[in-house]
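User: I have a new model to study and would like to talk through its features. Could we begin with a short tour?

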Amino acid sequence: MNILQRDLYEMSRSDYIDGEDLEKRLEDIEDEIMDPDGETIMVGADQDLVAERQKLIEIIDEIEGYAEDKVRHTYLYADHYFPAYAEEFAYDIGAAQRESSWPPIDWAKAAEQLKQDYTSIEIEGREFWYR
């Protein structure tokens with residue numbers, strides 16, 4: 001068995017999800033439950049894995065419809081984590097300086113503005129943002 005340790009539910013409980021992990025999880029599940037022809041699900045396959053496979057297919061299809069890059073190069077940031085992501089992103093692109101404390105930045109408001117450039121998706125009952 002080559003199933004990844006983290007299932008979709010566990011991934012959805014983290015601050016962010018690497019799109020590559022979604023694709024790898026789908027591949028591992030398919031290796032486990034699909035007939036050798038790769039087209040049909042094996043008789044007696046674990047129904048939890050069958051259901052998770054369907055969710056992953058739907059998530060990946062939705063991301064591929066909106067993401068600028070392929071899913072493999074997409075990160076999905078949990079809504080609760082997005083202000084911290086916005087702060088790190090601002091530092092990374094030089095829009096804010098770590099050493100500067102003036103003027104103070106409201107990172108929650110900055111995150112709300114940044115969300116205009118992102119698309120949201122619900123995964124296992126939690127909202128994530130990606131582009």
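**A tour of the model**

Analyst: Just after helix α4, G94 takes a positive phi of about 80°. Helices (H or I, at least four residues) and strands (E, at least two) are DSSP runs, numbered from the N terminus. This is a predicted model, where local features need pLDDT of at least 70 and side-chain atom pairs count only at pLDDT 80 or more, while totals for chains, interfaces and linings use all residues. Residues are numbered from 1 along each chain as its sequence is written, and side-chain values use heavy atoms, with hydrogens and water left out.

User: Which residues of α4 are buried?

Analyst: In α4 (residues 82–92), F82, Y85, A86, A90 and Y91 are buried, meaning under 20% relative accessible area with a 1.4 Å probe, protein chains only.

User: And what covers them?

Analyst: The cover includes β2 (75–78), α5 (107–114) and β4.

User: New topic: where does R126 lie, and what is the nearest side chain of opposite charge?

Analyst: R126 belongs to strand β4 (residues 126–130). The nearest side chain of opposite charge is D15, 5.6 Å away.

User: What does R126 touch, then?

Analyst: Leaving aside residues up to four places away in sequence, R126 touches S12, R13, S14, A78, H80 and I121; contact means heavy atoms within 4.5 Å.

How values were computed
Buried < 20%, exposed > 50% of the residue type's maximum accessible area, 1.4 Å probe, protein only. Lys, Arg positive; Asp, Glu negative; His and termini not counted. Salt bridge = Lys/Arg side-chain N within 4 Å of Asp/Glu carboxyl O.
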